Amino acid sequence: MKNMEAAYLERPGKIVVRRIPIPSIEENEVLVRVARCGVCMTDVHMYKGSFPVKMPVILGHEFSGTIKKVGEKVTSYANLTGQIPIKIGDRVSAIPIINCGLCPACLRGKSNLCESVQAVGGAGEIVNNGAFAQYIKLPARILYKLPDNLSYTIGAFIEVTACCLHGIDLSRIKLGDSVLLIGAGTVGLLLLELIKFQGPSQIIVSEGISERRKLAKARGADFVIDPMRTDPVNKVKEITSGQGADVVIEAVGSPQTTEQAIQMA
Ligand SMILES: [Zn+2]
Ligand SMILES: [Zn+2]
């Protein structure tokens with residue numbers, strides 16, 4: 001097979017599936033056959049034109065797949081514990097950021113702030129094609145082997161879960177804190193799972209969609225609030241004996257919920 005199908009964002013609001021040659025790889029790169037790719041809110045913003053990106057471009061940065069070809073100079077790559085020999089057929093996911101590894105930011109472990117950072121699948125000044133395609137080529141050093149017990153579907157959630165984990169780290173939830181989570185979409189529900197590990201005294205979830213409230217309740221929220229029916233600020237004060245939540249996590253991304261977040265703390 002020489003060709004593949006790829007979904008190109010040609011201009012805001014227009015995605016076209018094109019038949020193009022499977023990318024050829026450089027000596028430090030790996031060709032991955034994409035198994036799953038999630039749709040991130042950033043993809044939606046780029047599609048709508050509310051997040052700038054050079055077009056045409058293949059979006060998609062939350063993915064998993066199988067190694068199909070390995071560049072001449074690639075012998076090993078990372079798993080959870082270190083470097084392992086690379087094999088065709090290995091199941092992988094990737095960090096969708098190509099960093100230089102040498103600048104001050106990279107040396108401090110902040111690869112996302114690299115001076116010459118390139119994005120995979122959008123959201124950056126220099127953008128490499130992403131995984132809304134049958135194949136993607138990537139530098140071997142941004143690939144990670146999926147543990148055997150993780151499915152491709154869960155593998156495609158690794159990047160977004162890592163983003164959530166970073167948010168949880170920044171939130172500094174302490175044992176016994178009351179935590180309010182605004183929004184129980186995909187990211188909100190992932191955050192909910194991570195909040196539980198921090199040992200909060202109570203988790204309150206404010207979410208306007210009833211299906212999501214049900215999921216949040218089933219996954220361990222102590223209280224769920226419908227902000228369309230009750231004033232969420234008053235309700236949170238009531239639940240927390242007038243104190244407000246110790247930690248508020250906003251997982252919607254609207255000016256209104258950001259304002260609420262401050263009032264409910
Ligand atoms: Zn994303
Ligand atoms: Zn760098």
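Zero aromatic pairs turn up anywhere in this structure. The model is a predicted one, and its domain assignment gives two entries, domain 1 (3–156) and domain 2 (170–263). Here is a quick tour of the rings, the domains, a sheet and a pocket.

**Rings and charges**
- Although the structure holds zero aromatic pairs, R18 lies over the face of Y8, at 4.1 Å from the ring centre.
- Y152 also has a charge over its ring: the charged end of R91 sits 4.7 Å from the centre.

**Domains**
- Taken over C-alpha atoms, the centres of domain 1 and domain 2 are 32 Å apart.

**An open sheet**
- The strand order β2-β1-β4 describes an open sheet of three strands with antiparallel pairing.
- β2 (14–21) and β4 (57–58) are the edge strands, each with a single partner, so one side of each has no neighbour in the sheet.
- Eight bridges join β1 (residues 3–11) to β2 in the antiparallel sense.
- L9 has I15 of β2 as its bridge partner.

**The second largest pocket**
- This pocket has a volume of about 310 Å³.
- Its lining counts 19 residues, and E29, N128, N129, K137 and L138 are the ones nearest the centre.
- β12 gives the largest share, with five residues.

Terms used: Residues are numbered from 1 along each chain as its sequence is written. Chains are lettered from A and ligands numbered from 1 in the order in which they are written. This is a predicted model: local features need pLDDT of at least 70, side-chain atom pairs count only at pLDDT 80 or more; totals for chains, interfaces and linings use all residues. Side-chain values use heavy atoms; hydrogens and water are left out. Two strands pair if DSSP finds at least two bridges between them. Helices (H or I, at least four residues) and strands (E, at least two) are DSSP runs, numbered from the N terminus. Rings of Phe, Tyr and Trp (its six-membered ring) pair if their centres lie within 6.5 Å; planes under 30 degrees apart count as stacked, over 60 as edge-to-face and the rest as tilted. A charge sits over a ring if NZ of Lys or CZ of Arg is within 6 Å of the ring centre and within 35 degrees of the ring normal. Domain bounds come from an automatic or database domain assignment. On a 1 Å grid over the protein atoms alone, a cavity is a set of points where a 1.4 Å probe fits but cannot get out, and a pocket is an open set with protein on both sides within 12 Å along at least five of seven lines; lining residues have an atom within 4 Å of a point. Grid points are joined across faces, edges and corners, and a volume is the space filled by probe spheres set on the points.
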